[in-house]
Amino acid sequence: MPSRILKIAVAVGCLVPLLQACGNRQHENDLGKIKKMSDKDLTDSLFKLQKKPFDFFYTKVGVDIEGTSQNVSFKASVKMRVDSAFSGTVTYAGFVGATYLVDQDSAKFTDKTKKCYRAESLSYLTGIFGTEIDYNFFQSLILGEPLGIDPAIKYKQIQDDQFYILSSHKKREIKTFQDDPDKATADDIVIQYYIHPNDFTLKKVWVNVPADTVQITIDYKERKYYDGFDYDFPENTDIKIVTPRDSSVIELNYSPIKLNEPKKIKINIPDSYVECTPDEE
């Protein structure tokens, strides 16, 4: 497997989620004008989306990536123990080309074509996306939750005709960063959450890191409701990543899920494997 494909595959394998279940939920606002809500009530509804009524899940997902430098398709599996770790395989052109494991501190993977491995801190994945990313970022993305949510932030509502939008920054602050990115610090990360007015499910998350000129847009195009667990999962997701070096669109299409069926979260690195060199990455 070409080295850049493997890097992307491992990273996206770590994004890869969940799902298929009962009843497809199409979310169009057919109520006409959106009812007004206070910032506090809307923020409370956003935080409720973090509650997880399960401890384990497993799924397979098809991944299509279109980028400025490469286009690739592959399949990946994900088995997760919530708030702990997740692992799986990456299948490319009909064979398993990589395995991976991500936990709270590190990312490990094997390249079966090169018979090598790497073990890195999460800064390895941070480098792929162009901005700092931790374990909770990936878990929230996998579960379709509001990633990056922080109880210390006082979120502000931005008016829109289709969705409720909660933003970490005011509109004038965002415009200032857009006009002059040098005024932004490394800690200035703008996050906006797009919430459906009908059932308060999460439609989209927009992340902007002006100091690094990085934007990530996560669009949960379709979701399905798993009635036995009272949980709404993503079914089809588009992720657009724009950095100064590259831009790409990642489409995730999910297979059926299995919840609360414990599986071993592990990675096997054969003794014969050597550490991957920069030329092999």
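Begin by selecting helix 2 (residues 39-48), where Leu42, Thr43, Ser45 and Leu46 are buried, buried being under 20% relative accessible area, exposed over 50% and partly exposed in between, with a 1.4 Å probe and protein chains only. These four cover an arc of only 160° around the axis, which puts them on the same side of helix 2; the arc is that of the directions from the helix axis to the C-beta atoms. An α-helix has 3.6 residues a turn, so residues three or four places apart point the same way. On the other side of helix 2, Lys40 and Lys48 are exposed.

This is a predicted model, in which local features need pLDDT of at least 70 and side-chain atom pairs count only at pLDDT 80 or more, while totals for chains, interfaces and linings use all residues. Residues are numbered from 1 along each chain as its sequence is written, and side-chain values use heavy atoms, with hydrogens and water left out.

Helices (H or I, at least four residues) and strands (E, at least two) are DSSP runs, numbered from the N terminus.

Then show Phe54, Phe86 and Val205, the residues with the most contacts inside the largest nonpolar core, which has 56 residues. Such a core is a set of buried Ala, Val, Leu, Ile, Met, Phe, Trp, Tyr and Cys residues joined through side-chain atoms within 4.5 Å. Helix 4 (residues 135-143) gives the most to this core, with six residues. Apart from it lies another core, of nine residues, among them Ile158, Phe163, Ile174 and Trp206.

Where does the disulfide lie? Select cysteine 116 and cysteine 276, which it joins with an S to S distance of 2.0 Å, a disulfide being a pair of cysteine sulfur atoms within 2.5 Å. The pair links distant parts of the chain, 160 residues apart, with cysteine 116 in strand 7 (residues 116-121) and cysteine 276 in the segment after strand 16 (274-275). The torsion about the S-S bond is about 90°, so the disulfide is right-handed. Cysteine 116 is buried, at a relative accessible area of 0%, and cysteine 276 also counts as buried, at 5%.

Finally, turn to the backbone at aspartate 83, in the loop between strand 3 (71-81) and strand 4 (85-92), where phi is near 65°, a positive value in a residue other than glycine.
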